[in-house]
Amino acid sequence: NKNEAFKPIRIFKLVIVAAAGVGIFLVFGLSFFISARISDPIKRLTDVTEKIRQGQMDVSIDAALINSADEVGILARSFDRMRLQLDETMGDLIREIQEKEKTHEALRDNEERLQAILDNTTSMVFLKDLDSRLIMVNPQYVKVFGQTEENLLGKSDHELFSKAAAEHLIEADRAVVAADGPMQFEEKFSLPDGVHIYLTVKFPIHDKYGTAYAVCGISTDIT
């Protein structure tokens with residue numbers, strides 16, 4: 001019988017079709033499993049990473065991911081610890097920047113107040129290096145000597161005063177550096193309108209290592 005002869009072949013074909021159907025089902029099922037258990041969680045972690053990259057430090061990872069016992073859960077917990085450490089570091093950095101800004105603002109305020117005093121005092125204020133050359137003068141010093149600040153800076157006592165007067169001033173500067181503290185002197189200056197007597201307070205200026213590198217003077221006319 002022909003039908004009987006081809007029956008095993010038909011059964012074999014049915015088995016192949018059934019096996020193919022089961023295979024397709026398993027593939028889709030496995031794909032869904034992988035998507036649900038791996039791909040979706042990884043995508044959620046990636047979304048959180050992107051938000052952090054954009055500066056959104058207040059994001060959090062799903063509790064379901066963190067509490068998961070599989071490899072994705074381990075990854076999620078490690079990532080969450082990293083996120084918390086990064087958030088803490090960023091917070092410390094922001095606070096440090098804010099403190100520095102406050103410090104810089106306070107320094108600017110102090111500099112502005114000091115500059116206002118230097119600009120408006122009727123006393124001459126000057127700064128000389130250890131070679132007795134001017135490195136800073138205030139407007140009153142410029143006014144008294146009748147020269148520009150640019151012309152005065154860099155000049156030594158010998159270029160501004162007589163030899164005797166210059167030697168006297170240099171000797172006083174050396175005494176201040178040797179004493180390493182403030183000293184008061186009465187000094188005479190020959191100016192265009194005559195001789196003036198100044199009461200001068202001098203003191204050393206130190207670098208960060210405590211070494212004197214300049215002498216500051218404040219001279220008040222007592223003529």
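1. What volume does the largest cavity have? In this predicted model, the volume of the largest cavity is about 80 Å³. A search over the whole structure returns 1 cavity of 30 Å³ or more.

2. The lining of the largest cavity consists of M124, F126, K128, L134, Y141, D157, F161, L169, E187, F189, K202 and S219. Two elements, β1 (124-129) and β3 (183-191), each give two or more residues to this lining. The most comes from β1, with 3 residues.

3. By class, the cavity lining comprises 7 nonpolar, 1 polar and 4 charged residues. The charged class takes in Asp, Glu, Lys and Arg, so K128, D157, E187 and K202 belong to it.

4. The largest pocket has a volume of about 170 Å³. Its lining is made up of 13 residues, and those nearest the pocket centre are L160, F161, F189, S190 and L191. F161 and F189 are also named in the lining of the largest cavity.

5. At least two residues of the pocket lining come from each of α4 (139-145) and β3. The share of β3, 4 residues, is the largest. The pocket lining divides into 9 nonpolar, 3 polar and 1 charged residues.

Technical notes:
Residues numbered from 1 in each chain as written. Predicted model: local features only at pLDDT ≥ 70, side-chain atom pairs only at ≥ 80, totals over all residues. Heavy atoms only, no water. 1 Å grid on protein atoms, 1.4 Å probe; cavity = no way out; pocket = protein on both sides within 12 Å on 5 of 7 lines; lining within 4 Å. Points joined across faces, edges and corners; volume = space filled by probe spheres on them.
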